[in-house]
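Here is a friendly briefing to read alongside the model. Have the viewer open and follow the topics one by one.

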Amino acid sequence: MMKIIFLIASIMTSAEVFAKDGDVAINGWSKLTGHNVIELAQKFEEYGVESIIYTDIGRDGMMSGVNIDATVKLSESLKIPVVASGGVSNIKDIEKLCEVSNIGIRGVITGTAIYEGTLDFKEAQELAERLTG
């Protein structure tokens, strides 16, 4: 079942990776490292991390839509779940993520869309539960 995450509180060991165009970002997103996000996530998986939070920094807070293609590509390269982050603008983004939840995308983090009133949290969670069971 997909969960819409507004605030995260979890006992699961997760690692968050920040990337732009597949390139890992560090130092408050100010520096791209030249390291591939998929390779880094796979290393975290090898180290025993139980899920990856994937933030597309080119979309975070922009409400320009989730980077579905990059999130799917990352999820397909891992055995552990991926939580999408960055770019959620409205309920259509939730619906698109639910369509690919069967490949390991288990949640989405949203903030700006809720603050701006373009996404109703309760409606989004109900849709995600209905579509992913």
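The count of salt bridges in this predicted model comes to 1, where a salt bridge is a side-chain nitrogen of Lys or Arg within 4 Å of a carboxyl oxygen of Asp or Glu. The two partners are E46 and K43, whose side chains meet at 3.7 Å, N to O. As a predicted model, it is read with thresholds: local features need pLDDT of at least 70, side-chain atom pairs count only at pLDDT 80 or more, and totals for chains, interfaces and linings use all residues. Residues are numbered from 1 along each chain as its sequence is written, and side-chain values use heavy atoms, with hydrogens and water left out.

- Side chains of opposite charge can pair when their charged atoms come close.
- E46 and K43 are about one helical turn from each other because they sit 3 residues apart in helix α1 (residues 37–46); helices here are DSSP runs of H or I with at least four residues, strands are runs of E with at least two, and both are numbered from the N terminus.
- E46 is exposed, with a relative accessible area of 59%, while K43 counts as partly exposed at 40% (buried means under 20% relative accessible area, exposed over 50%, partly exposed in between, using a 1.4 Å probe and protein chains only).
- Which residues of α1 are buried? They are V37, I38, A41 and E45.
- These buried residues line one face of α1, because they fall within an arc of 95° seen down its axis; the arc is that of the directions from the helix axis to the C-beta atoms.
- The face of α1 turned away from that buried side carries the exposed residues E39 and E46.

**Overall layout**

- The protein chain has 5 helices and 7 strands, which run β-β-β-β-α-β-α-β-α-β-α-α from the N terminus on.
- Of the 133 residues in the protein chain, 44% are buried.

**Nonpolar cores**

- The largest nonpolar core has 15 residues, and V88, I94, L97, V108 and L119 touch the most other members; such a core is a set of buried Ala, Val, Leu, Ile, Met, Phe, Trp, Tyr and Cys residues joined through side-chain atoms within 4.5 Å.
- α3 (91–99), β7 (105–109) and α5 (121–132) each supply at least two residues of this core.
- A second, separate core of 14 residues includes V17, A41, I52 and L78.

**Helix α3**

- D93, I94, L97 and C98 are buried in α3.
- They lie on the same side of α3, because they cover an arc of only 140° around the axis.
- Exposed residues K92 and E99 are carried on the face of α3 turned away from its buried side.
- N90 caps the N-terminal end of α3, with a side-chain oxygen 2.9 Å from the backbone nitrogen of K92.
- E95 is in helix α3 and counts as partly exposed at 36% relative accessibility.
- The C-alpha atoms of E95 and L127 are separated by 7.4 Å, although these residues are 32 apart along the chain.

**Strands β6 and β7**

- Strand β6 (residues 82–85) pairs with β7 in the parallel sense over 4 bridges; two strands pair if DSSP finds at least two bridges between them.
- S85 has I109 in β7 as its bridge partner.
- β7 is largely enclosed by the rest of the structure, because 4 of its 5 residues are buried.
- β6, α3 and β7 make a right-handed β-α-β unit, meaning that with the strands pointing away from the viewer, the path from the first strand over the helix to the second runs clockwise.

- Strand β2 (residues 14–20) has a covered face of A15, V17 and A19, and an uncovered one of S14, E16, F18 and K20.
- β2 and β5 run parallel and are joined by 6 bridges, with A15 standing opposite I52 in β5.
- β2 pairs with strand β3 (residues 23–26) in the antiparallel sense over 2 bridges, and A19 has V24 in β3 as its bridge partner.
- β2 and β3 form a hairpin with 2 residues between them, and D21 in the turn has a positive phi of about 55°.
- T55 lies in strand β5 (residues 51–56) and is buried, with a relative accessible area of 1%.
- The side chain of T55 makes a polar contact with that of E16 at 2.6 Å (a polar contact is a pair of N or O atoms within 3.5 Å; within protein, one must be able to donate a hydrogen and the other to accept it, and residues adjacent in sequence count only if both atoms are side-chain atoms).
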